[in-house]
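Hi everyone, and thanks for coming. I'd like to walk you through one protein chain, step by step, so please have a look at it first.

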Amino acid sequence: MTELTASCLCGAVQLRLPDRFDYVGHCHCSECRKFTGAAFSSVGGLDAALVTTVRGAEAIALYEKSAETRLAFCRHCGASLYSLKRSSNKLNLRLGVLDTPPSQTPTFHIFVGSKAPWHEISDTLPRFTTRPGEE
């Protein structure tokens with residue numbers, strides 16, 4: 001199986017993971033916008049146990065966003081790395097930190113009900129006001 005590598009802006013953190021996401025999509029919630037500083041966050045979700053920190057575990061800072069979600073970023077350069085969901089142990093990797101391109105591409109948009117008012121979605125991927133199944 002092909003492996004992907006990911007790293008932060010300064011290179012202090014390096015991750016390795018299989019090229020096998022359970023899902024890949026764009027999140028438009030206000031919290032992802034704040035965490036990434038962008039109109040939306042493109043993420044790939046997979047089991048956290050499949051992600052290996054090759055270098056820089058001590059450089060990863062965690063922010064307790066809620067009882068369910070921890071956000072990880074590099075304490076040196078501030079790069080947004082991933083979110084970790086406690087109940088499912090899913091890791092949502094920010095696709096922008098990938099050094100190698102994944103074989104999968106985004107297949108949906110979530111939380112478009114709270115998307116940035118200045119951003120227009122211009123593709124034809126399925127859109128969900130919140131999450132699939134919560135419409």
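**A walk through the chain**

Let me begin with T5, which is partly exposed, with a relative accessible area of 24%. Buried means under 20% relative accessible area, exposed means over 50%, and partly exposed is in between, with a 1.4 Å probe and protein chains only.

Before going on, a word on where this comes from: this is a predicted model, where local features need pLDDT of at least 70, side-chain atom pairs count only at pLDDT 80 or more, and totals for chains, interfaces and linings use all residues. Residues are numbered from 1 along each chain as its sequence is written, and side-chain values use heavy atoms, with hydrogens and water left out.

Back to T5, which is found in strand β1. Strands (E, at least two residues) and helices (H or I, at least four) are DSSP runs, numbered from the N terminus. What does T5 touch, not counting residues up to four places away in sequence? The answer is Q14, L15, V97, L98, D99 and T100, where contact means heavy atoms within 4.5 Å. T5 and P101 are 96 residues apart in sequence, and 8.9 Å apart in space, C-alpha to C-alpha.

Now let's zoom out. The chain has 1 helix and 10 strands, and from the N terminus on the elements run β-β-β-α-β-β-β-β-β-β-β. The radius of gyration is 14 Å, close to the 14 Å that the globule rule gives for 135 residues, so the chain is as compact as a globular protein of that length. That radius is taken over C-alpha atoms, and the rule is 2.2 Å times the number of residues to the power 0.38. Of the 135 residues, 42% count as buried.

On to the sheet. Here 7 strands form an open sheet in the order β6-β7-β8-β9-β4-β3-β10, with mixed pairing; two strands pair if DSSP finds at least two bridges between them. Which strands stand at the edges? They are β6 (60-64) and β10 (109-110), each with a single partner strand, so one side of each is left without a neighbour in the sheet. Elsewhere, β8 and β9 run antiparallel and are joined by 4 bridges, and Y82 stands opposite L93 in β9.

Y82 and L93 also bring us to the core. Both are among the residues with the most contacts inside the largest nonpolar core, which has 24 residues. A nonpolar core is a set of buried Ala, Val, Leu, Ile, Met, Phe, Trp, Tyr and Cys residues joined through side-chain atoms within 4.5 Å. At least two residues of this core come from each of β1 (3-7), β2 (14-18), β7 (69-74), β8 (80-85) and β9 (90-94). The largest share, 3 residues, is supplied by β8. Apart from this core lies another, of 6 residues, including C29, C32, F108 and I110.

Last stop: H26, in strand β3 (residues 23-27). Is H26 buried or exposed? At 11% relative accessibility, H26 counts as buried. Its side chain is joined to that of S42 by a polar contact of 2.7 Å. A polar contact is a pair of N or O atoms within 3.5 Å; within protein, one must be able to donate a hydrogen and the other to accept it, and residues adjacent in sequence count only if both atoms are side-chain atoms. Beyond four places in sequence, the contacts of H26 include F40, P106, F108 and L125.
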